[in-house]
Amino acid sequence: LNTTQTLSLGMNSELVVTAQRLLKNLGYFPSDIDTTGYFGTITRTATVDFQAANSIQQLGIIGPQTRTRLNELGCS
């Protein structure tokens with residue numbers, strides 16, 4: 001996830017699509033949901049679940065710690 005921007009509820013961008021795909025590849029984003037680019041409640045829930053599993057404060061946003069961990073897992 002090549003950005004320094006924090007991704008959060010209500011955003012709509014290609015960066016969100018990338019984050020959704022990463023979360024989907026890791027099993028946190030429901031496989032029957034298409035990536036839309038909209039950071040809604042499904043993306044927020046997937047983010048919180050990912051954060052919980054990776055000992056990151058569960059804020060439901062994709063900030064520096066979450067982004068770094070996603071990248072560390074080699075899925076960027």
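Visitor: Leaving aside neighbours within four places in sequence, what is threonine 47 in contact with?
Guide: Leu23, Phe39, Gly60, Ile61 and Ile62, where contact means heavy atoms within 4.5 Å. Bear in mind that this is a predicted model, where local features need pLDDT of at least 70, side-chain atom pairs count only at pLDDT 80 or more, and totals for chains, interfaces and linings use all residues. Residues are numbered from 1 along each chain as its sequence is written, and side-chain values use heavy atoms, with hydrogens and water left out.

Visitor: Is threonine 47 buried or exposed?
Guide: Threonine 47 counts as buried because its relative accessibility is 1% (buried is under 20% relative accessible area, exposed over 50%, partly exposed in between, with a 1.4 Å probe and protein chains only).

Visitor: And where is threonine 47 placed?
Guide: In helix 2; helices are DSSP runs of H or I, at least four residues, numbered from the N terminus.

Visitor: What do the buried residues of helix 2 pack against?
Guide: Helix 1 (14-25) and helix 3 (64-72). Among those buried residues are Ala46, Val48 and Phe50.

Visitor: Switching topic: how many salt bridges does the structure hold?
Guide: One, counting a side-chain nitrogen of Lys or Arg within 4 Å of a carboxyl oxygen of Asp or Glu. Glutamate 72 pairs with arginine 69, and their closest N and O atoms are 3.2 Å apart.

Visitor: Where do glutamate 72 and arginine 69 lie?
Guide: Both are in helix 3, three residues apart, about one turn of the helix. Glutamate 72 counts as exposed at 53% relative accessibility, while arginine 69, at 28%, is partly exposed.

Terms used. Helices (H or I, at least four residues) and strands (E, at least two) are DSSP runs, numbered from the N terminus.
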